[in-house]
Amino acid sequence: MVYRFARQASRLYSTAASGSAYAEHLSHVRDHAQKSADLWRKVSIFVCVPLVGIAGYNAYNLATEHAEHLEHHPPQFVGYPYIRIRNKPFPWADSDHSLFHNPKVNLDPPSDE
């Protein structure tokens, strides 16, 4: 049984390896793979790279417009009751601000002095 299977397998591979149809098919597959790789390389270079540049330019313009808007109309602190709840102080020197406090973004309540 094993001998019969081995003989059939060896015949299958020996005829496929020597046949010109298989070599022609393999050549066609390699050519197609090369053409596909060239196509996607060109798409990546000539389509994706400019689109990333355009998106970066657009993001830069939006960020500068937003910064200019914030200069003329600065945000104001709104004291909602669920904001800035401090049940216990933070364990660092400035115990009223979180670790990632940014004074330009995270507004402090107006002091009653």
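## The lining of the largest pocket

The lining of the largest pocket is made up of seven nonpolar, four polar and three charged residues. In this sorting, Ala, Val, Leu, Ile, Met, Phe, Trp, Tyr, Cys and Pro are nonpolar, Asp, Glu, Lys and Arg are charged, and the others, Gly among them, are polar. The pocket holds about 280 Å³ of space. Of its 14 lining residues, His101, Lys104, Val105, Asn106 and Leu107 are the closest to the centre.

A pocket here is an open set of points on a 1 Å grid over the protein atoms alone, where a 1.4 Å probe fits and protein lies on both sides within 12 Å along at least five of seven lines; a lining residue has an atom within 4 Å of a point. Grid points are joined across faces, edges and corners, and the volume is the space filled by probe spheres set on the points.

## About the model

Please keep in mind that this is a predicted model, in which local features need pLDDT of at least 70 and side-chain atom pairs count only at pLDDT 80 or more, while totals for chains, interfaces and linings use all residues. Residues are numbered from 1 along each chain as its sequence is written, and side-chain values use heavy atoms, with hydrogens and water left out.

## The chain as a whole

The chain has two helices and zero strands; both kinds of element are DSSP runs numbered from the N terminus, with helices (H or I) of at least four residues and strands (E) of at least two. Of its 113 residues, 1% count as buried. Buried means under 20% relative accessible area, exposed means over 50%, and partly exposed lies in between (1.4 Å probe, protein chains only).

The chain exposes about 10700 Å², and 63% of this comes from carbon and sulfur atoms. Accessible areas come from the Shrake-Rupley method with a 1.4 Å probe, and for residues only the protein chains shown count as cover.

Four salt bridges are counted, each defined as a side-chain nitrogen of Lys or Arg within 4 Å of a carboxyl oxygen of Asp or Glu. One of them joins Arg41 to Asp38, with 2.9 Å between the closest N and O atoms. Both residues belong to helix α2 (residues 20–72), where they sit three residues apart, about one turn of the helix. Arg41 is partly exposed because its relative accessibility is 47%, and Asp38 is partly exposed at 27%.

Within it, Asp108 meets Arg84 at 3.9 Å, N to O. This pair links distant parts of the chain, 24 residues apart, with Asp108 and Arg84 each in the segment after α2. Asp108 has 38% relative accessibility, so it counts as partly exposed.

Arg86 forms a salt bridge with Asp96, and their closest N and O atoms are 3.9 Å apart. Both Arg86 and Asp96 lie in the segment after α2, so this pair ties together parts that are ten residues apart in sequence. Arg86 is partly exposed at 34% relative accessibility, and Asp96 is partly exposed with a relative accessible area of 34%.

## The backbone at Arg84

Arg84 also deserves a look for its backbone: this residue has a positive phi of about 60 degrees although it is not a glycine. Most residues other than glycine have a negative phi. Arg84 is partly exposed because its relative accessible area is 25%.

## Two stacked aromatic pairs

Two aromatic pairs are counted. Rings of Phe, Tyr and Trp (its six-membered ring) pair if their centres lie within 6.5 Å; planes under 30 degrees apart count as stacked, over 60 as edge-to-face, and the rest as tilted. The ring centres of Tyr80 and Tyr82 are 5.5 Å apart and their planes are at 10 degrees, so this pair is stacked. Tyr80 is partly exposed at 43% relative accessibility, whereas Tyr82 is exposed at 59%.

Phe90 and Trp92 have ring centres 5.0 Å apart and planes at 5 degrees, so they too are stacked. Phe90 is partly exposed at 25% relative accessibility, and Trp92 is partly exposed with a relative accessible area of 31%.
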